[in-house]
Amino acid sequence: MIGQIKLSIVLLILFCSNLIAQVEQNDTLLHFFNERISENPRNSAAIASRAFIYANLKEYKKALKDIDRAIELRKESPTDTFHIFKAEIHLMLGQEKSVLTEAKKALEINYGPRTLFYILEFAFVLEQYDLCIEYANEYLQFVRDNEKVYYYRGSSLMKGGALDSLIIYDLQKALKLTEQETDTSRLKLYTYFQLGRFFHKRMQWDSAISYYNRILNTDDSLVEEMNLFYEVGECYFYSHKYDKAITMLSMHTSIYKWHNNLYLLGRSNEYLVSY
């Protein structure tokens, strides 16, 4: 019976999530779940799904009220899903401590790879890198091949100044797993960027450029988000490839390191003339 209840919760959540992704008919969805709740005021799955809709509508007070009600109704047979939902609402509100509190409650209810993944992802987003590493280590005892977990752990290790070998192992493992995909995923591009940053910081310019160029060659919107023209231009400058440095730095339009960009651009032009 509990298994059937859990399945119905997951199906309702997926139903709600997919509809929101496909069409923005939140009024229709609210009407649908309001009817289900009217038919059965103790329908915790419908109440939790309505909380999800409210959260997407940025009606966070209503969302929290609903998810608290859903949790209360399931106190005899609690589900980790509702606490993960509540953690996500707190994340939308920027309430860091509450996010981790709810995620840990989910973990107490169901200790396993699913809940471990959620909590390590929350920790990464909140820049709690030591915590992310801790839960990633636990997750990998259950599942060995998850590219996101290796990416999160490798990126967290890099933030914490871990041994180069550990960082490279995780990021290259993530890359190997993402390269099995036919399409270029966002995660693959982020992994290229982290590897580029890794070599960039160690002044291994050619290796950094190699990874950065893989992003540039995709024509992805991440190029601007990552200020990639500046990063690549800087690498070209310090590897004395001034013509390429000028090309990249000239395309940098962000205020990110704007003065540095102008300086490197000017120096590149001077060096080209002198050569």
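Colleague: Where is the place of Asp243?

Modeller: Asp243 belongs to helix α15. Please bear in mind that this is a predicted model.

Colleague: Why is Asp243 called partly exposed?

Modeller: The relative accessible area of Asp243 is 46%. Buried requires under 20% and exposed requires over 50%, so Asp243 with its 46% is partly exposed.

Colleague: How far apart are Asp243 and Tyr271, in sequence and in space?

Modeller: In sequence, 28 residues separate Asp243 and Tyr271, and their C-alpha atoms are 9.5 Å apart.

Colleague: What is the make-up of the protein chain as a whole?

Modeller: The protein chain has 16 helices and zero strands. Of its 275 residues, 47% are buried. Among contacts between residues at least 6 apart in sequence, 50% join residues at least 24 apart.

Colleague: What makes α3 and α5 roughly parallel?

Modeller: Helix α3 (residues 44-56) and helix α5 (residues 80-92) pack at an angle of about 15°, and their axes are 11 Å apart. Angles under 35 degrees count as roughly parallel, and α3 and α5 are therefore described in that way. Their crossing is left-handed.

Colleague: Which residues of α3 and α5 meet?

Modeller: From α3 come Ser44, Ala45, Ala48, Phe52 and Ala55, and they meet Phe82, Phe85, Ile89 and Met92 of α5. By class, this contact of α3 with α5 has eight nonpolar residues, one polar residue and no charged residue.

Colleague: How do you know that Lys86 forms a salt bridge with Asp68?

Modeller: The closest N and O atoms of Lys86 and Asp68 are 2.6 Å apart. Lys86 lies in helix α5 and Asp68 in helix α4 (residues 60-73), so that the pair links distant parts of the chain, 18 residues apart.

Colleague: Are Lys86 and Asp68 buried or partly exposed?

Modeller: Lys86 has 13% relative accessibility and counts as buried, because buried means under 20%. Asp68 has a relative accessible area of 36% and is partly exposed.

Colleague: What makes Lys105 and Glu102 a salt bridge?

Modeller: Their closest N and O atoms are 3.5 Å apart, and the cut-off is within 4 Å. Both residues lie in helix α6 (residues 96-109), three residues apart, about one turn of the helix. In general, an α-helix has 3.6 residues a turn, so residues three or four places apart point the same way. Lys105 is partly exposed at 35% relative accessible area, whereas Glu102 counts as buried at 5%.

Colleague: Which parts of the chain does the salt bridge of Asp164 with Arg202 link?

Modeller: Asp164 and Arg202 form a salt bridge, with their closest N and O atoms 3.0 Å apart. Asp164 is partly exposed, with a relative accessible area of 37%, and Arg202 counts as partly exposed at 27%.

Colleague: Which residues do salt bridges that share partners join into one network?

Modeller: Asp68, Lys86, Glu102 and Lys105 are joined into one network in this way. The structure holds 16 salt bridges.

Colleague: Why is α14 called largely enclosed by the rest of the structure?

Modeller: Nine of the eleven residues of α14 are buried, so the helix is largely enclosed by the rest of the structure. The buried residues are Leu228, Tyr230, Glu231, Val232, Gly233, Glu234, Cys235, Tyr236 and Phe237. They pack against α11, α12, α13 (222-225), α15 (242-250) and α16.

Colleague: How do the axes of α14 and α16 cross?

Modeller: The axes of helix α14 (residues 228-238) and helix α16 (residues 258-274) come within 11 Å and cross at roughly 35°. The crossing is left-handed. Tyr230, Glu234, Phe237 and Tyr238 of α14 make the contact with Asn260, Asn261, Leu264, Arg267, Ser268 and Tyr271 of α16. These divide into five nonpolar, three polar and two charged residues.

Colleague: What follows α14?

Modeller: His240 follows α14, and its phi is positive, near 65°.

Definitions and conventions. Residues are numbered from 1 along each chain as its sequence is written. This is a predicted model: local features need pLDDT of at least 70, side-chain atom pairs count only at pLDDT 80 or more; totals for chains, interfaces and linings use all residues. Side-chain values use heavy atoms; hydrogens and water are left out. Axes are lines fitted to C-alpha atoms, for helices over the stretch in contact, and angles run from 0 to 180 degrees between N-to-C directions. Helices (H or I, at least four residues) and strands (E, at least two) are DSSP runs, numbered from the N terminus. Angles under 35 degrees count as roughly parallel, over 145 as roughly antiparallel, 65 to 115 as roughly perpendicular and the rest as oblique. A crossing is left-handed if the near helix is turned anticlockwise from the far one by less than a right angle, and right-handed if clockwise. Contact means heavy atoms within 4.5 Å. Ala, Val, Leu, Ile, Met, Phe, Trp, Tyr, Cys and Pro count as nonpolar, Asp, Glu, Lys and Arg as charged, and the others, Gly among them, as polar. A salt bridge is a side-chain nitrogen of Lys or Arg within 4 Å of a carboxyl oxygen of Asp or Glu. Buried means under 20% relative accessible area, exposed over 50%, partly exposed in between (1.4 Å probe, protein chains only).
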